[in-house]
Amino acid sequence: MEITSLTAHEILHLLRSKQVSPTEVVTALARRIETVDPLLHAYLSYDLDRALAEAASVDVGLPLGGLPISIKDLISVKGHPCSCASKILEGYIAPYDATVISNLRAAGAIPFGRLNMDEFAMGSSTENSAFGPTKNPWDTTRTPGGSSGGSAAAVAADEAFAALGSDTGGSIRQPAALCGCVGLKPTYGRVSRFGLVAFASSLDQIGPLTKDIQDAALLMDFIAGLDKNDSTSLPEPVPKFSANLDKGVKGLKIGLPKEYFIEGLDPEVDRAVRIAVEYLEGLGAELLEISLPHTEHALSTYYIIAPAEASANLARFDGVRYGFRAAGSEGLIDHYGRTREEGFGAEVKRRVILGTYVLSSGYYDAYYLRAQKVRTLIRKDFAEAFEKVDVIACPTSPTPAFRLGERINDPLSMYLADAFTLAANMAGICGISLPCGFAELGGNRLPIGLQILGRELDELTILQAAYAYEQSTDWHKARPGVGGLVASG
Amino acid sequence: MSSTKLEVEYVAELARIKLTPEEVNTFRAQLEIVLQHVERLNQVDVSNVEPMAHSFPIYNVFRSDEPQESLDRQAALANAPRQAQGLFLVTKVVE
C-alpha cells in the first residue's frame with residue numbers, strides 16, 4: 001500500500017510510532033506528485049529540498065510532527081512563491097509566514113508546495129489560473145471546481161495528505177464537492193486572515209481540505225483562534241474539535257431549505273443529498289423543512305459586494321513595490337494601466353471593472369448600498385432559521401463537475417456554480433462539504449457533496465454531524481483511479 | 001437602480017486598467033448580462049434595513065502604541081521590480 005493514500009491522522013500515527021520517518025513521508029508524496037500531477041496540474045510548484053530539510057529536523061512528538069500540508073497559492077509561506085496564480089505576482093516570494101502557517105509549523109507540520117487556483121481566487125473552475133487549469137481527478141476532461149481546485153484535486157488524488165484553501169463564496173466547499181473530499185469554511189473571524197492575499201475582505205476565510213472529517217477537525221484545532229495581526233479575528237474560545245467528534249446526531253434538528261431544492265438542481269445531486277439527509281434521520285436526527293426567503297438574491301448581492309471589495313484590494317498591484325511591471329511605459333498613469341492590463345487575466349479585470357463601477361459616484365447607492373442592505377436580510381434569514389434548527393443541510397453545488405471550457409466564456413453561468421455556497425459567506429456562518437455519493441456521467445463517476453451549514457462559531461456541531469454521517473458510510477473512502485494507483489479501502 | 005449602460009472604457013480608466021477594443025466589447029456584453037441579473041435586487045424591499053459591511057460587529061481593536069517587529073528594509077525591497085539605494089524606483093510623476 002502506498003502511504004500517500006493514508007489520511008493525515010493515519011500518517012501521523014505512523015510518524016509518532018516511528019513506523020515511517022518524515023523524510024519517507026515527504027519523499028513518497030513527491031513521488032506520487034511526479035506520477036499524478038502531469039495529468040492534473042494541481043501544483044504550481046514545490047520545493048522538495050526545502051521540505052526534506054525541514055523533515056530532517058522536525059519533532060515527530062509534536063501533534064502534527066512531520067505532516068506535509070499543501071498550501072493554496074494565496075497563503076504566504078516565508079521563502080515560498082505566492083503568485084495567486086496570477087502573472088502580476090509571478091516570481092513574488094513571500095517575506096513572512098501567514099498566521100495559519102506559523103500555527104501549523106509550531107505544531108510540527110511542514111508547509112508543502114503551492115496549489116493551483118483561479119487567479120486571485122476569482123472563479124469556480126480553476127480555469128482562471130494564469131498558469132493553466134487543474135483537471136478533475138475523476139474525469140480529466142472536467143474541472144475540479146474552484147477557486148481552491150488545486151487543493152481539492154491534490155487531496156482527492158492522494159497527492160496531498162491535507163491542504164489549506166480559502167473560501168470567499170464557496171471556493172473551499174464547491175471544489176471539495178466536485179472532487180470528492182472534505183472542505184470546511186470556518187465562521188468569518190474564526191481563522192486569522194493575516195498572510196492571506198485579500199480578495200473580498202469581509203467574506204474571505206482560510207479553511208482545510210482533507211480526506212476525512214477527522215482531518216478537517218485536526219487542522220481546525222491548530223489554525224483557529226484569535227490573532228493580534230487580524231483585527232477581525234474573534235476572541236472566542238476554540239474547542240478541541242478533533243477530540244469531540246463522536247457525539248452522534250440523536251435529537252439534532254436539521255433544516256432543509258426549500259429554496260435549495262429547486263428546478264435546475266441536477267436530479268442525481270438532488271437524489272444523493274435527499275438520501276444522505278434521510279440517512280441522518282435514520283441515525284436519530286430530526287428533519288424540518290425551513291425557508292431562507294432571500295436565497296434567490298444571494299448571487300446578485302455577492303456579485304456586487306465581492307467585486308467591490310476586490311476592486312479596492314487589488315488596487316495595491318501597481319508594479320512598484322512588488323510583482324510584475326510592464327516595460328516601456330510613458331508616465332505614471334500609463335505605467336499603472338499597462339502593468340495591470342498585462343498582469344491581470346480576463347476574470348480579474350472583469351471583476352475589478354464591475355467593482356469599480358458599483359462603487360463609482362452615482363451608482364454607489366443603487367448597487368453597493370442596496371446590496372449591503374440585502375446582505376443584512378440574508379443574514380437575518382439564517383439567524384431566524386437557526387432559532388428552529390441546529391444545522392442546515394443542502395447540496396454544495398447544483399451540479400457535479402462540469403467540463404473544461406464549458407462555462408469559461410459565460411461569466412453568469414460560472415457564477416451560478418456558487419449559488420448554494422455564497423450565502424454562508426455573506427452571513428458569516430460556517431459550512432462544510434463532504435462526499436455523499438456519485439453521479440454517473442459519460443461513463444465516469446463524479447462525486448456529489450453534501451453541505452452542512454452551522455451557526456456562527458459552531459463548527460463543532462457541523463463537524464459532529466458530518467462525522468456521524470461519514471462514519472456510517474463509505475463515500476469518503478472512494479478514490480479516483482488517476483495515475484494508475486488506486487487506494488485501498 | 002440606474003441604467004445598465006456600462007461605460008467600460010471609462011470605468012477601466014478609473015480602475016487603471018488598459019483594455020484592447022476587443023476586451024472593451026467582450027466585457028461590455030458579459031457585464032451587461034451580469035448587471036441585468038444583479039438588478040433583480042430592485043425587487044427587494046430594503047426600507048428600514050440597515051446596511052451591513054461585516055458579519056460581526058467588531059468596532060475598534062486597539063493595541064498599545066509601541067513599535068513592533070516589522071520587515072527590515074532588505075526584505076521589504078526584495079520583491080520590487082525596480083529599486084536603487086535602498087528605495088523603490090517609481091515612474092516619473094512630474095514633467
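This note comments on a predicted model with chains A and B, point by point.

1. Domains of chain A. The domain assignment divides chain A into domain 1 (3-292 + 377-484) and domain 2 (295-372). Taken over C-alpha atoms, the centres of these two domains are separated by 27 Å. Their contact involves 32 residues of domain 1 of chain A and 24 residues of domain 2 of chain A. On the domain 1 side, helix 13 (411-415) and helix 14 (422-427) of chain A each supply at least two residues. Helix 14 of chain A has the largest share of that side, with three residues. By class, the domain 1 side comprises 21 nonpolar, seven polar and four charged residues.

2. Chain A contains an open sheet of 11 strands with mixed pairing, in the order 1-3-2-4-6-5-10-11-9-7-8. Its edges are strand 1 (43-45) and strand 8 (286-290) of chain A, each of which pairs on one side only. From one strand to the next, the twist averages 35°.

3. Strands 4 and 6, and the helix packed on the sheet. Six bridges join strand 4 (residues 162-167) and strand 6 (residues 205-210) of chain A in the antiparallel sense. Within this pairing, Ala162(A) stands opposite Thr210(A). Helix 7 (residues 213-223) of chain A packs on the sheet and touches strand 4, strand 5 (182-185), strand 6 and strand 10 (430-441) of chain A. The direction of helix 7 makes about 145° with that of strand 6 of chain A.

4. Strand 9. Five of the five residues of strand 9 (residues 391-395) of chain A are buried, so this strand is largely enclosed by the rest of the structure. Strand 9 runs parallel to strand 7 (residues 253-257) of chain A, to which two bridges join it; here Gly255(A) stands opposite Ile392(A). Strand 9 runs antiparallel to strand 11 (residues 444-454) of chain A, with five bridges between them; in this pair Val391(A) faces Gly454(A).

5. Ile462(A). This residue is found in helix 15 (residues 459-471) of chain A. With 27 other C-beta atoms within 10 Å, Ile462(A) is buried, as the threshold for that class is 20 or more. Not counting residues up to four places away in sequence, Ile462(A) touches Val391(A), Cys430(A), Gly431(A), Ile432(A), Ile452(A) and Gly454(A). Ile462(A) and Ile392(A) are 70 residues apart in sequence, while their C-alpha atoms are 9.0 Å apart in space.

6. The largest nonpolar core. This core has 173 residues, of which Ile75(A), Ile353(A), Val391(A), Leu463(A), Ala465(A) and Ala466(A) touch the most other members. Helix 9 (residues 298-313) of chain A provides the largest share of the core, nine residues. The core lies between domain 1 and domain 2 of chain A, because both domains give residues to it. Leaving aside neighbours within four places in sequence, Leu463(A) is in contact with Ile213(A), Ala216(A), Ala217(A), Phe241(A), Leu245(A) and Ile432(A).

7. The contact of chains A and B. This contact takes 58 residues from chain A and 46 residues from chain B. On the chain B side, helix 1 (8-14) and helix 2 (21-38) of chain B each supply at least two residues. Helix 2 of chain B gives the most to that side, with seven residues. The chain B side has 32 nonpolar, seven polar and seven charged residues.

Methods. Residues numbered from 1 in each chain as written. Chains lettered and ligands numbered in written order. Predicted model: local features only at pLDDT ≥ 70, side-chain atom pairs only at ≥ 80, totals over all residues. Contact = placed C-beta atoms within 7 Å. Helix = DSSP H or I, 4+ residues; strand = E, 2+ residues; numbered from the N terminus. Nonpolar A, V, L, I, M, F, W, Y, C, P; charged D, E, K, R; others polar. Domains from an automatic or database assignment. Buried ≥ 20, exposed ≤ 12 C-beta atoms within 10 Å, placed from the backbone. Pairing = 2+ DSSP bridges. Core = buried A, V, L, I, M, F, W, Y, C linked by C-beta atoms within 7 Å. Axes fitted to C-alpha atoms, helices over the stretch in contact; angles between N-to-C directions.
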